[in-house]
Amino acid sequence: MDWEGIFGNLSPASFFNFSFMGEYGTYILQAVGYTLLLAVCSVLLAVIPALLLAIMRLSKNKLVKGISGAYIAIFRSTPLLVQLSIIYFGLFGAVRIPNSWQLFGFIPMSRFIPGVVALALNSSAYVAEIFRGGILAVDIGQTEAARSLGLSSWASMQLVVLPQAIKNVLPALANEIVTMVKESSICSTLGMAELMFAAKTVAGATYITLAPYTVAALIYFCINYPASKAIEAIERRMRRGDKQ
Amino acid sequence: MATSNELIRVVDVKKEYNNGKVKALNGCNLTIHQGEVVAIIGASGSGKSTLLRCLNMLETPTSGHIYFDGVDLADKSVDLNLHRRKMGMVFQHFNLFPHKTVMQNITLAPVHLKLKTKAEAQAKGKELLDRIGLADKANEYPNMLSGGQKQRIAIVRALAMEPEVMLFDEPTSALDPEMVNEVLDLMRDLARNGMTMVVVTHEMGFAREVASRVIFMDGGQILEENEPNELFDHPNNPRLKDFLSKVL
């Protein structure tokens, strides 16, 4: 078959030309670390504000409810790339982080922190909706039983509703981490040396246009697929002793 | 009965939904004295559960007053949490906390509200579980229990707060027939020991046998109240007659 005639120099082999791995393997591995740190830090940072936003969203106070609603609407209705750019150039244009601060010797804080902050702010809007759904999925009878025993609305939320809601939302939360591992690739546009950035760099340096992205795709898959499966298994185990 | 024994007084309570389009309660008046067992009967939708849920303000009345120990619970400045401690409630669907063991279900509120130390609450919990013969279930989760066991534990959970009155919202309606009696037996036992009880029920036999007074509701109003034999044998209100002819 005359592959060159039809697809130029694109051939099935070009997907799997991994000759660059020897030279760039360590660099790509570091980039995987960068990606994981971005995703995990941003979702962990998002959990507390998201919980707050969810509880605010369920409040009877219209102002409190409105603030939370507006936040969620803004972050869900604008592209992450736009949010990232505004936070990177706007917020962290004003608050300068010294270039010399490094995490593990290869992650400059001046880029990492704006990235994590942007991803966390974005993620908290989505996680807030996940929590809200989880809280609403807990039978209202649980709150009524707690209130009838004299517990305050906050104590009922904290001792009775939230522990059950968090179990309800574990799968969705796992999905959010998986989403963030993928979405964090957008940070490559602002020079954060995570996995997508590494793939681009290798492609540029070696003139192997396709295979670095194949490697990136394989790595993303190998992180995300087992991760979501593992959390599903944990959730199944936690569900024991749970049904009424 | 002397007025000093008055525990709950309901004055002209109305409850409306959808801006008055639905009237669940249409001006209810009721006084409950210490030691009384009051059964509330009526068809579904008659407002009996709504009235019961107004007593501890799980439903907020649109207007009217609920006096408990002389305090108007419908007054917005009242700390409901303090008063709810003294009113145990038992629900149709048990509402045990599924993520807590039986013992934790029982001790959660007394310990959190600092009414008892953990050790005291557990001792009380054990005593109550012994009384209902379920001491061996203390460390089980609710999903391991039968419906009758769940409901008895729910009753015990309310009793652990040492309430002045127990409110029952159709406590046997969600149970398999063979489990109804174990719950009713426990309720009989409570009544015999002088607990003040308000019971919304479809169990006419239980109402007749245990209640000191029976209340018939229809259309959000109390249409008749009397001591049970009188109410069941010589009903006056035509709608009560009609209701009894269907359920007895």
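1. Let's start with B:Glu225, which is partly exposed, with a relative accessible area of 33%. Please keep in mind that this is a predicted model. The side chain of B:Glu225 meets that of B:Arg213 in a salt bridge, at 2.4 Å from N to O. This pair links distant parts of the chain: B:Glu225 sits in strand β10 (residues 221-226) of chain B and B:Arg213 in strand β9 of chain B, 12 residues apart.

2. B:Arg213 has 15% relative accessibility and so counts as buried, the cut-off being under 20%. B:Arg213 also forms a salt bridge with B:Glu36, with the closest N and O atoms 2.9 Å apart. Here the partners are 177 residues apart, B:Glu36 lying in the loop between β2 (22-33) and β3 (37-41) of chain B. B:Glu36 is buried too.

3. B:Glu16 is partly exposed at 27% relative accessible area, and B:Lys23 is partly exposed at 46%. Over all chains, the count comes to 21 salt bridges.

4. Now to the nonpolar side chains. The largest nonpolar core has 48 residues, and B:Ile155, B:Met166, B:Phe168 and B:Met187 are among those touching the most other members. Helix α6 (residues 177-192) of chain B gives the largest share of this core, eight residues. Another core, of 42 residues, lies apart from it and includes B:Leu55, B:Phe68, B:Ala109 and B:Leu167.

Terms used:
Residues are numbered from 1 along each chain as its sequence is written. Chains are lettered from A and ligands numbered from 1 in the order in which they are written. This is a predicted model: local features need pLDDT of at least 70, side-chain atom pairs count only at pLDDT 80 or more; totals for chains, interfaces and linings use all residues. Side-chain values use heavy atoms; hydrogens and water are left out. A nonpolar core is a set of buried Ala, Val, Leu, Ile, Met, Phe, Trp, Tyr and Cys residues joined through side-chain atoms within 4.5 Å. Buried means under 20% relative accessible area, exposed over 50%, partly exposed in between (1.4 Å probe, protein chains only). Helices (H or I, at least four residues) and strands (E, at least two) are DSSP runs, numbered from the N terminus. A salt bridge is a side-chain nitrogen of Lys or Arg within 4 Å of a carboxyl oxygen of Asp or Glu.
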